[in-house]
Amino acid sequence: VRMLDARSGMEVLDACAAPGTKTQQIACAMNNRGRITAFDLYPGRVQLINALMKQTGVNIVEASVHDASVAADGMYDRILLDVPCSGLGDLAHKPEIRYHLKPENLDQLIDVQQKILNAQALRLNEGGRFVYSTCTLDQKENAAQIRCFLQEHPQFSLCEEHTWFPQDLHGSGFYGALVERVHF
């Protein structure tokens, strides 16, 4: 959320938003001024977003059921793409991941991530920025995805990227890339 640098008055998309914690943090960074569109694939998870917004007094979020791999309407100043991933950076807290993850599942996740990137990043205004993030350390899901996206979309430029390793955070591992749309 810090990488996103959302500010008051902006139009923001949180494309994979449930349960809404990051959406709520974005709203706080925006001083509850502007507009946030929040998507999730499942109605029950959208209800979680709405409940959290009501509980915390956030009134700038419009949450709805939407498949993030399909282009959204509207244009945005900031987009958060905290995409579904293998969760390999979170093994310390969720050891069961290693028993359920298969190579073919990883290939499917990479395809979904790529579809989300291609569908939503193009909804970014010129000069706008998106953050692509995962809770995995797998480079195919992280830097390789961003490199592929940038190669296919020269109107975007990488501003920064980070991999946070579990030993650095005393917890989970994460990846984040900040990308700017430099022209249409």
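Here's a quick briefing on the fold, the surface and two residues of this protein chain. It's a predicted model, so keep in mind that local features need pLDDT of at least 70, side-chain atom pairs count only at pLDDT 80 or more, and totals for chains, interfaces and linings use all residues. Residues are numbered from 1 along each chain as its sequence is written, and side-chain values use heavy atoms, with hydrogens and water left out.

**Overall fold**
- The protein chain has 6 helices and 7 strands; these are DSSP runs (H or I, at least four residues, for helices; E, at least two, for strands), numbered from the N terminus.
- Take the contacts (heavy atoms within 4.5 Å) between residues at least 6 apart in sequence: 72% of them join residues at least 24 apart.

**Surface and burial**
- Of the 184 residues, 45% are buried; that means under 20% relative accessible area, while exposed is over 50% and partly exposed lies in between (1.4 Å probe, protein chains only).
- The accessible surface comes to about 9200 Å², and carbon and sulfur atoms hold 52% of it. Such areas come from the Shrake-Rupley method with a 1.4 Å probe, and for residues only the protein chains shown count as cover.

**Pro43**
- You'll find Pro43 in helix H2 (residues 43–56).
- Pro43 counts as exposed because its relative accessible area is 51%.
- His66 is 23 residues away along the chain, and its C-alpha atom is 9.2 Å from that of Pro43.

**Ser133**
- Ser133 sits in strand S5 (residues 124–134).
- With a relative accessible area of 13%, Ser133 is buried.
- Leaving aside residues up to four places away in sequence, Ser133 touches Leu80, Leu81, Asp82, Val83, Tyr175 and Gly176.
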